[in-house]
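Morning, everyone. I have one structure to walk through today. Let me put it on the screen.

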Amino acid sequence: MTVELRHHHALTPEARQDLLEVYADVRAPLLHLANYRVEAFAERLDRHTTEPGFELVLGYDSLVPVGYAYGNTVDADDRYWKRMAEPLPDGFTDTPALAIKEIGVRTPWRGTGTARRIHDDLLAGRAEDRVTLMVNPLAGEGRVQQRYEMWGYQAFNAQPSTPDSPRLTAMIRSRVLRQSDSVRADKGCGSGKNDAHLR
């Protein structure tokens, strides 16, 4: 499969529609839950596009949108850090980070490395030194979090559960991995399966 990756720093109507289409397919088993409804996701997406450093990568196989990842810059005062369950170490938020808010790949393209390609392409042009994301530790019976660990992420905190969302594990890594981390990450890049809900 040849997947073309397209970057968006502003969300055009066409890119927004393609993203919502892929989201609805990827999250289909969860759309009955309030926090996963397409309308709820669209509201979050529209908010995220106004936040600093927004960037979206959409993957296309021919003209079919098949996967995506997007995020934005979070600095010391961002509410992203204020949602953590445990106090953060002094100075932890002094350096801005890229917060990946969502990653998703349609089922036929899982196991092809597409999710990893989209993820890595999003990171490639960023200025931040660190990347963070949140994942449901129960997603895929724990396999999704394990996948992120193989991509170089480490758990550092959590976001408490709410009536609309389960407790999420907060993970972080350097944007550019050291050689030893790259070897470990490469061993886990094959499946590309990425079912986590990233806020």
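Start at the N terminus and read the elements along the protein: β-α-α-β-β-α-β-α-β-α-β-β-α. That gives 6 helices and 7 strands. Keep in mind that this is a predicted model.

Some overall values next. The protein has 199 residues, and buried ones make up 51% of them. The accessible surface comes to about 9,300 Å². Carbon and sulfur atoms account for 52% of that surface. Now the contacts with a separation of 6 or more: 73% of them join residues 24 or more positions apart.

On to the strands. Look at strand S7, residues 168–174. How many of its 7 residues are buried? The count is 6, so strand S7 is largely enclosed by the rest of the structure.

What does S7 pair with? Take strand S5, residues 130–135. S5 and S7 pair in the antiparallel sense, over 6 bridges. In that pairing, Met 134 stands opposite Ala 170 of S7. Then take strand S6, residues 154–159. S6 also runs antiparallel to S7, and 5 bridges join the two. Here Gln 159 stands opposite Leu 168 of S7.

Now the charges. The count comes to 12 salt bridges.

First up, Arg 106 and Glu 21. These two form a salt bridge, with the closest N and O atoms 3.1 Å apart. The pair links distant parts of the chain, 85 residues apart. Glu 21 sits in helix H1, residues 13–26. Arg 106 sits in the loop between strand S4 (97–105) and helix H4 (114–124).

Is Arg 106 buried or exposed? Its relative accessibility is 9%, and the cut-off for buried is under 20%, so Arg 106 counts as buried. Glu 21 has a relative accessible area of 35%, which makes it partly exposed. There is a third partner to mention. Glu 21, Asp 25 and Arg 106 are linked in a network of salt bridges.

Next, Arg 37 and Glu 39. Their salt bridge has its closest N and O atoms 3.4 Å apart. Arg 37 is partly exposed, at a relative accessible area of 35%.

Last, Arg 126 and Glu 128. This salt bridge brings the closest N and O atoms to 2.8 Å. Where do these two residues lie, buried or exposed? Both Arg 126 and Glu 128 are buried.

That's the tour. Over to you for questions.

Notes:
Residues numbered from 1 in each chain as written. Predicted model: local features only at pLDDT ≥ 70, side-chain atom pairs only at ≥ 80, totals over all residues. Heavy atoms only, no water. Salt bridge = Lys/Arg side-chain N within 4 Å of Asp/Glu carboxyl O. Helix = DSSP H or I, 4+ residues; strand = E, 2+ residues; numbered from the N terminus. Buried < 20%, exposed > 50% of the residue type's maximum accessible area, 1.4 Å probe, protein only. Contact = heavy atoms within 4.5 Å. Areas by Shrake-Rupley, 256 points an atom, 1.4 Å probe, with all protein chains shown as cover. Pairing = 2+ DSSP bridges.
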